[in-house]
Amino acid sequence: MKVLKKKRMNLGKRTAKSIYDSDERENSMNRVIQIKVEMKQLETQLEQLKRELNIFRENCNHEFVKTDYSQQCTKCHLIESLQW
Ligand SMILES: [Zn+2]
């Protein structure tokens, strides 16, 4: 395994992890980009789902089931705290 000197990027204290083959490093960097793209897509999807759920809850005719400290709607699963 060849040790690559870090020139452009400051990797801080992660010296042990900066030891890669060039191929290995290339692959891990591609994977990082791939992960970030996927995270962005999932964040967008999550935001859409949250909006959808909020719209559903705003229009819900709630039917709450009470527990000791909270109540939950059986239809939209909205949880409200009963502690003040
Ligand atoms: Zn509800």
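1. The model is predicted, and its local features need pLDDT of at least 70, side-chain atom pairs count only at pLDDT 80 or more, and totals for chains, interfaces and linings use all residues. Residues are numbered from 1 along each chain as its sequence is written.

2. The helix, H1, takes in residues 22-58, and its 37 residues should span 54 Å at 1.5 Å a residue, which agrees with the 54 Å between its end C-alpha atoms; the expected span is 1.5 Å times one less than the number of residues. H1 is hardly covered, since the count of buried residues among its 37 residues is zero. A residue is called buried if 20 or more other C-beta atoms lie within 10 Å of its own, exposed if 12 or fewer, and partly exposed in between, with C-beta atoms placed from the backbone. For the protein as a whole, buried residues make up 0% of the 84 residues.

3. The three strands form an open sheet in the order E1-E2-E3, with antiparallel pairing, two strands being paired if DSSP finds at least two bridges between them. Strand E1 (64-66) and strand E3 (79-81) are the edge strands, each of which pairs on one side only. Neighbouring strands of this sheet are turned by 25° against each other on average, direction ignored; here axes are lines fitted to C-alpha atoms, for helices over the stretch in contact, and angles run from 0 to 180 degrees between N-to-C directions.

4. E1 pairs with strand E2 (residues 70-73) in the antiparallel sense over three bridges, and a hairpin of three residues joins E1 to E2. Within this pairing, Phe64 has Cys73 of E2 as its bridge partner, while the bridge partner of Lys66 in E2 is Gln71.

5. The hairpin of E2 and E3 has five residues between the strands, and in it His77 takes a positive phi near 65°. Most residues other than glycine have a negative phi, and a reader checking the backbone may wish to look at His77, whose phi is positive although this residue is not glycine. His77 counts as exposed because it has 11 C-beta neighbours inside 10 Å.

6. Cys76 is also found in the loop between E2 and E3, and this residue is partly exposed because 17 other C-beta atoms lie within 10 Å. Leaving aside neighbours within four places in sequence, Cys76 is in contact with Phe56, Arg57, Cys60 and His62, contact meaning that the C-beta atoms of two residues, placed from the backbone, lie within 7 Å. The C-alpha atoms of Cys76 and Phe64, which are 12 residues apart along the chain, are separated by 9.7 Å.

7. Finally, on contacts across the chain: among contacts in the protein between residues at least 6 apart in sequence, 0% join residues at least 24 apart.

Conventions: Helices (H or I, at least four residues) and strands (E, at least two) are DSSP runs, numbered from the N terminus.
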